[in-house]
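Subject: Structure handover

Hello,

Here is the structure I said I would pass on. Please look through it first; my notes follow below.

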There are 4 protein chains.
Amino acid sequence: MAGSTFGNQFRITTWGESHGAGVGVVIDGCPAGIELCEADIQKMLNKRKPGQSKFTTPRKEDDAVEILSGVFEGKTTGTPISMAVHNKTQRSGDYSEISGYYRPGHADFTFDEKYGFRDYRGGGRSSGRETIGRVAAGAVALKILERLGIKVCAYAKEIGGIAVSEDNFDINEAENNPFRMPDAKAAERVSEYAEGKMREGNSVGGIIECVIDGVMPGIGEPVFDKLDANLAKAVMSVGAVKGFEIGSGFDAARATGLENNDAFVMRDGKVAKKTNNSGGTLGGMSDGSQIVFRAAIKPTPSVSAVQETVNKSGEDIQVSVKGRHDPMIVPRAVVVVEAMAALVLVDLIFENMTAKIDNIVKFYKG
Amino acid sequence: MAGSTFGNQFRITTWGESHGAGVGVVIDGCPAGIELCEADIQKMLNKRKPGQSKFTTPRKEDDAVEILSGVFEGKTTGTPISMAVHNKTQRSGDYSEISGYYRPGHADFTFDEKYGFRDYRGGGRSSGRETIGRVAAGAVALKILERLGIKVCAYAKEIGGIAVSEDNFDINEAENNPFRMPDAKAAERVSEYAEGKMREGNSVGGIIECVIDGVMPGIGEPVFDKLDANLAKAVMSVGAVKGFEIGSGFDAARATGLENNDAFVMRDGKVAKKTNNSGGTLGGMSDGSQIVFRAAIKPTPSVSAVQETVNKSGEDIQVSVKGRHDPMIVPRAVVVVEAMAALVLVDLIFENMTAKIDNIVKFYKG
Amino acid sequence: MAGSTFGNQFRITTWGESHGAGVGVVIDGCPAGIELCEADIQKMLNKRKPGQSKFTTPRKEDDAVEILSGVFEGKTTGTPISMAVHNKTQRSGDYSEISGYYRPGHADFTFDEKYGFRDYRGGGRSSGRETIGRVAAGAVALKILERLGIKVCAYAKEIGGIAVSEDNFDINEAENNPFRMPDAKAAERVSEYAEGKMREGNSVGGIIECVIDGVMPGIGEPVFDKLDANLAKAVMSVGAVKGFEIGSGFDAARATGLENNDAFVMRDGKVAKKTNNSGGTLGGMSDGSQIVFRAAIKPTPSVSAVQETVNKSGEDIQVSVKGRHDPMIVPRAVVVVEAMAALVLVDLIFENMTAKIDNIVKFYKG
Amino acid sequence: MAGSTFGNQFRITTWGESHGAGVGVVIDGCPAGIELCEADIQKMLNKRKPGQSKFTTPRKEDDAVEILSGVFEGKTTGTPISMAVHNKTQRSGDYSEISGYYRPGHADFTFDEKYGFRDYRGGGRSSGRETIGRVAAGAVALKILERLGIKVCAYAKEIGGIAVSEDNFDINEAENNPFRMPDAKAAERVSEYAEGKMREGNSVGGIIECVIDGVMPGIGEPVFDKLDANLAKAVMSVGAVKGFEIGSGFDAARATGLENNDAFVMRDGKVAKKTNNSGGTLGGMSDGSQIVFRAAIKPTPSVSAVQETVNKSGEDIQVSVKGRHDPMIVPRAVVVVEAMAALVLVDLIFENMTAKIDNIVKFYKG
């Protein structure tokens, strides 16, 4: 398995390079009977589209998705859903220079080492455009979650060290600023900070938080396919993500058991938790609380300021990476994190249907 | 896939509960010709054995491993290696009380929700004993890595907020103290701090760091099966792990691109990096540098101090969890992290053998 | 994946060699709540036990199974079920001679070529004892099918060219003769024929037929994981099977469309078929009819008459394979075929639960 | 896994319905450095194209393939290869009638049962057009096999009961007649026979044989992923295949051990076999001989003569299936069988690279 496939039961395979004919995804294992049209996908893809503010690359990409199979008379048929986005603005000329050297922080060197050569145009397979397939598939996963009353919501928690404050938190605000930050004041400070870094030809990183509401208890498998382990893989597989934590995360390492344990309490006749340091999972399975995780995003490696590197002739050189790059990836990565979370959840929700024999017998025999 | 299997080409399946007949693992995909005996496995298992100091549970577990298949005349045969450890000290009586309520921070509630009931003896499948299978398989993976010149080394980086200092770092010291901390002074402070917490009936968490030397460039697959993504899943699938980061990790989120990018330089005629903020991977593939990652371990949820919870009759109650528990998991989890890292590496190193057609032709045609 | 694992959702991994410590299986993905004890497994294993008549090897094997995990208070827990049978009569001495040459019709040569050496004792991993794990897992699968009203029944259709006649067919008779033939007269003729071949130091083959009743329509996936394709793999993966056919099978190749098509008719208000040339599947999915397939079993390759072969020094030699061998495999393979069919069915029945979104929503939201 | 994916290391996922936007395939796990262009694929696809004689459907399908990713500067890059063929002649009107009833021998009924409704246009996902993705991927697999000196060749062994005779066998002749029969005289008789059946509005079946030369010994895994088991699944997963046999196949069931065993002999200093009843595998691994297997193909279920069936209102009716159908599938299925065999081989050849530790060490350390 060369790793372009994700999931077991709701399984996606992405394909495509930034400057080839296009990018896309095939979903295998999508149930029949889901109402689905291209607009459902497009809405989600538009959230990751570049060119939405001065803080993202000025490249114009239409990213118009086509559904090529698996939908008939407006509904999914149960057979593979193939979706493609054609690449339009292929200014490969921009990239001819970088074919000769290794950009710091990029996968140029490792691609060459692994495969003997690389598609050097715009990062090839390791371009951010690879996430288009993930987001398109995530849009379908989200339609399934919606039917089950589950909501996935991610936003920028922190950019360039400037964090959302609990007091100002307003989720609706995340749609109003180019950073997808649910705090208008923090967004203003980020704007100022980021502009300064852009002027230096530099870039900034940040932290994305994702909260998921409505997950029934018991989702996730108790050993290797823990809900949190699968989320970690899903999120860490997005380029530029360098860390993952769930619930109290790294802070848990400094807490005591009495501080970190969430007491169980009865609430409205149901078992609930007083706090949610666990982030919604216990033993790898959802515990009925809100699922809360965070991803650390590194600053965009493409910076226009001068950097040291080596060329393919083995010489130390200095370069300044030209091209139309995002000074920060965080805002556009928010929707990718939502997509990956949705894919993990649907897969494990499907898996969970065979956890109890009585449920299986009831399913088939009524 | 109900998630007790890990890996694709070097694939392990663990089984067993803390108070059943035993625990074990089957490795499928282990190459033929590796010298292997029970002592190779035992050495590794002994590192996670309880009862090694007052900071771990006083339970005595011999954990003597048996190799049941896949080895003939001292060498692996290429067929599945089945290994088992019989459970000996099964004081199930200890646990009868907890069958009636949900321990905070444990998987009691989620097991009941998922499966309709649970093996309540000692945590059942979610007991730390589940990791015995992982460690036994990891010992075999480490023998393969050894043949390839790769070394995996983990240690406690921080316990209860007390961190190893760079100045005092001495890897040999990690074998001298019960915390596996490579810093004698830090270990002393941890000892004092932990004793205090134990007296309160409380517990502490910490951070494990793992460094891997000698990995050739190009290991890992560029999209979903990135080396870092697979490490994240592997490590997050260990109970009590709440966070994962590679290289500069969460700090990268606060750095700028110019700070965080690792400049390439020529060193001894080879491409090298000036710094290693990336933690040894670029685009999900190893870059030839040391691989460095960290895991956040929560404090043991079993504490003897009084806690609030609910019982199965839906009543709010107060409990004090009795039994022989570890006041901290970190020291015993160190070897589990090493095992998981080894399993990920072997799997991706095998996967990488088919990356180039010329290598395949050479392999078969010479 | 080195191929000792079978199934996706109800997934088994077998291990063990004929003369190692034992053989066994781990089932991952078995639902919780199934009543299961060792006797359930033993009953099935006893059907493949040697020494039940003069037509099977006189080796005595107790094959007493132990359940090591996954069952608590008489019910499956949803966690992996590990089962083992210890090897008792390990007369390895019997086999030392064959270590030096390649037995015709056996895997000695191919094992040496693939792995560089082999466990030559009794065939090692390619021994018939490998099927113990399959049968033990199959016994669990059959318990699930029973809950769903599905019955799997295999028998010898033909041995040494002597076939069961439709007129004499009596399924109860299959339990009365050592050949598991549902025709007393045919069994008598086989007995005579086989005795003659045994006197010559020769062996005989045959055909096993398997019929499955009660499968709901729609089981199987329409492309690669067709019900018939998965059955074919399952059955062809049993040593000594050289052919597989479903329904009219190879006869369909000589029929016309009008002869071979099964007309649909209404029967008791339901869609049914007038004939069953399809063998119970259409387009890879069960059609609600009886599923009927056959497997061709080659004669046991171990014959005591003199045969030509080569030794490991590259010399042409003549050998007579000593040891306690079955003059025919068919009767003992019957239960293995039942087990494999059950494993395939359970896996695809689980898979099918996510075919329709409405069913998933109903499952979770009621 | 909803079953549109095949293979582990060289893994394909097909998508598409006969009357949707198109059909295609994504290959994940193809090595870098293989010269590949659309003509390589097209050559293979043209062999399954309809309209090549009066014995295949008169539909005109251009089936022009596009490579959308994974190839750069004429070579595979190691990243997923996405290939698509757009559907052009979509005369959906032809099929509106059949939406109301179940065609005998087709998957109409089972699709409705499984998914609640179906894409009734031309069979939807169970159309023969689904094999385009398999053949396109098979063309890439064949390029890999070519580099390893392996040749895959299939042909019609028998059509309508008329078999190729050993005396007249001429493999070049298979390209000269519309039946892909390597026997000119047999082809003539088939032509006459088939014309008669076509006049009756009837259809015919047949047997395809596939021979593979040059496979090194040791390919295939000894338990579930036996070379023959994987070939059986691959071939049985092609629509209309009802039986599979390898080597002496069903005849082995009637032979004795002495007749069926292949004696080993030294030939040119190498271990060889006097006969090849095994069909090139022993214990599920290639033995260095020619691999020979056969597939039984049922007669096309679409016949224009009147048949009985039921409609969706539950009434018994009579129908005559209109449309442009193949009176026989065999000639066009020949290339599909070649493709499936190539996919199985490449996958297991890749798998085999990790069979011996010494080979792995040599691969990486030289």
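A residue is called buried if 20 or more other C-beta atoms lie within 10 Å of its own, exposed if 12 or fewer, and partly exposed in between, with C-beta atoms placed from the backbone. Helices (H or I, at least four residues) and strands (E, at least two) are DSSP runs, numbered from the N terminus. This is a predicted model, where local features need pLDDT of at least 70, side-chain atom pairs count only at pLDDT 80 or more, and totals for chains, interfaces and linings use all residues. Residues are numbered from 1 along each chain as its sequence is written, while chains are lettered from A and ligands numbered from 1 in the order in which they are written.

In chain C, helix α5 (residues 227-236) is mostly covered, with 10 of its 10 residues buried. Among them are C:L227, C:K233 and C:M236.

In chain D, D:R294 sits in strand β16 (residues 291-297). D:R294 counts as buried because it has 24 C-beta neighbours inside 10 Å. Beyond its neighbours within four places in sequence, D:R294 is in contact (C-beta atoms, placed from the backbone, within 7 Å) with residues including D:K157, D:E209 and D:E245.

Chains A and B each give 94 residues to their contact. On the side of chain A that touches chain B, 40 are nonpolar (Ala, Val, Leu, Ile, Met, Phe, Trp, Tyr, Cys and Pro), 21 charged (Asp, Glu, Lys and Arg) and 33 polar (the others, Gly among them).

Regards

Note on methods. Two residues are in contact if their C-beta atoms, placed from the backbone, lie within 7 Å.
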